[in-house]
Amino acid sequence: MSSMADLPPIHPAPPDFDRWAALHRLLVLSFSGMEGRIDPPSSLTSLSASDLEQMSGTQVLLLGIGASGDPVACAYLRPEPDALYLGKVAIHPDLRGRGLLHHIIAAAEAEARRLGRNTLELETRIELIENHAAFSAAGFRQVAERAHPGFDHPTSLIFRRPVA
């Protein structure tokens, strides 16, 4: 892919999507930069391709599919009482910085409108300052801190953005 026009569109996964192992590989590759940087480790370390398939039964899976037919971008969307939560946002490292995050957010906003939610929410680890910057640049604002169970200090930041 060589230009913005070559970026794959982001859409909810089709009902016949079956490339769960490839999706798992994308997430592992995309999240690999967190290893040794975040505590506790990412929940991804305990998720299998089968778990990702099960998650898609209760959450909306957004996908960008590359020329190979494998996912190159994804996010899971989970309706919460007052927001649509974006989780497991991943973009293949070769495509980062080219606008796919904005496409993911636009697709998430469309789903939020469909579900009657006027806010998007996500969580990122406190150590991942590059994520804070990317989400802030995309219109998200930090609204809270959270500590994982067993921790006496914040381990994650909660970001929100109004749906356009």
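This is a predicted model: local features need pLDDT of at least 70, side-chain atom pairs count only at pLDDT 80 or more; totals for chains, interfaces and linings use all residues.
View 1. Residues are numbered from 1 along each chain as its sequence is written, and side-chain values use heavy atoms, with hydrogens and water left out. Strand β1 (residues 10-12) pairs with β2 in the antiparallel sense over 3 bridges. Strands (E, at least two residues) and helices (H or I, at least four) are DSSP runs, numbered from the N terminus; two strands pair if DSSP finds at least two bridges between them.

**View 2. Strands β2 and β3 form a hairpin.** The two strands run antiparallel and are joined by 6 bridges. Between the strands lie 5 residues, and Gly69 in the turn has a positive phi of about 95°.

**View 3. Helix α1 (20-31) has buried residues.** The buried residues are Trp20, Ala22, Leu23, His24, Leu26, Leu27, Ser30 and Phe31, where buried means under 20% relative accessible area with a 1.4 Å probe, protein chains only. Their cover includes α2 (49-55), β2 (60-65), β3 and β4, by contact, meaning heavy atoms within 4.5 Å. The end C-alpha atoms of α1 are 16 Å apart, which agrees with the 16 Å that its 12 residues should span at 1.5 Å a residue; the expected span is 1.5 Å times one less than the number of residues.

**View 4. The largest pocket has a volume of about 1100 Å³.** Of its 45 lining residues, the closest to the centre are Phe31, Met34, Val89, Asn131 and Phe135. On a 1 Å grid over the protein atoms alone, a pocket is an open set of points where a 1.4 Å probe fits, with protein on both sides within 12 Å along at least five of seven lines; lining residues have an atom within 4 Å of a point. The largest share of the lining, 7 residues, comes from β4. The lining divides into 22 nonpolar, 14 polar and 9 charged residues.

**View 5. The second largest pocket holds about 170 Å³ of space.** Among the residues that line this pocket are Val28, Phe31, Met34, Glu35, Pro41 and Thr45. Its lining divides into 6 nonpolar, 4 polar and 1 charged.

Note on methods: Grid points are joined across faces, edges and corners, and a volume is the space filled by probe spheres set on the points. Ala, Val, Leu, Ile, Met, Phe, Trp, Tyr, Cys and Pro count as nonpolar, Asp, Glu, Lys and Arg as charged, and the others, Gly among them, as polar. Buried means under 20% relative accessible area, exposed over 50%, partly exposed in between (1.4 Å probe, protein chains only).
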